[in-house]
Amino acid sequence: MMTEDKATELFCMAYDFFKFLDTMIAKYTIKAIPTVVITVIP
């Protein structure tokens with residue numbers, strides 16, 4: 001049986017993991033290169 005303290009600890013662990021995961025994704029994600037559109041006026 002899970003007590004309230006164990007449930008709180010589980011949510012804190014999940015929060016810490018996803019905070020770390022977000023940091024790693026932001027660090028290692030390849031950024032999109034902005035493209036320039038050139039319009040030729042006839």
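Rings of Phe, Tyr and Trp (its six-membered ring) pair if their centres lie within 6.5 Å, and planes under 30 degrees apart count as stacked, over 60 as edge-to-face and the rest as tilted. The structure is a predicted model, in which local features need pLDDT of at least 70 and side-chain atom pairs count only at pLDDT 80 or more, while totals for chains, interfaces and linings use all residues. Residues are numbered from 1 along each chain as its sequence is written, and side-chain values use heavy atoms, with hydrogens and water left out.

**Exercise 1.** Find how many aromatic pairs there are by this rule, and classify the geometry of the rings of phenylalanine 17 and phenylalanine 18.

*Solution.* The count comes to 1 aromatic pair. The ring centres of phenylalanine 17 and phenylalanine 18 are 5.1 Å apart and their planes stand at 70°, so the pair is edge-to-face.

**Exercise 2.** Decide how accessible phenylalanine 17 is, and do likewise for phenylalanine 18.

*Solution.* Buried means under 20% relative accessible area and exposed over 50%, with partly exposed in between (1.4 Å probe, protein chains only). Phenylalanine 17 has a relative accessible area of 45%, so this residue is partly exposed. Phenylalanine 18, whose place is in helix 1, has 48% and therefore also counts as partly exposed.

**Exercise 3.** Locate threonine 39 relative to helix 1, and state whether threonine 39 is buried or exposed.

*Solution.* Helices are DSSP runs (H or I, at least four residues), numbered from the N terminus. Threonine 39 is found in the segment after helix 1, which covers 4-28. With a relative accessible area of 64%, threonine 39 is exposed. Its C-alpha atom is separated by 34 Å from that of tyrosine 28, a residue 11 residues apart from threonine 39 along the chain.

Terms used:
Helix = DSSP H or I, 4+ residues; strand = E, 2+ residues; numbered from the N terminus.
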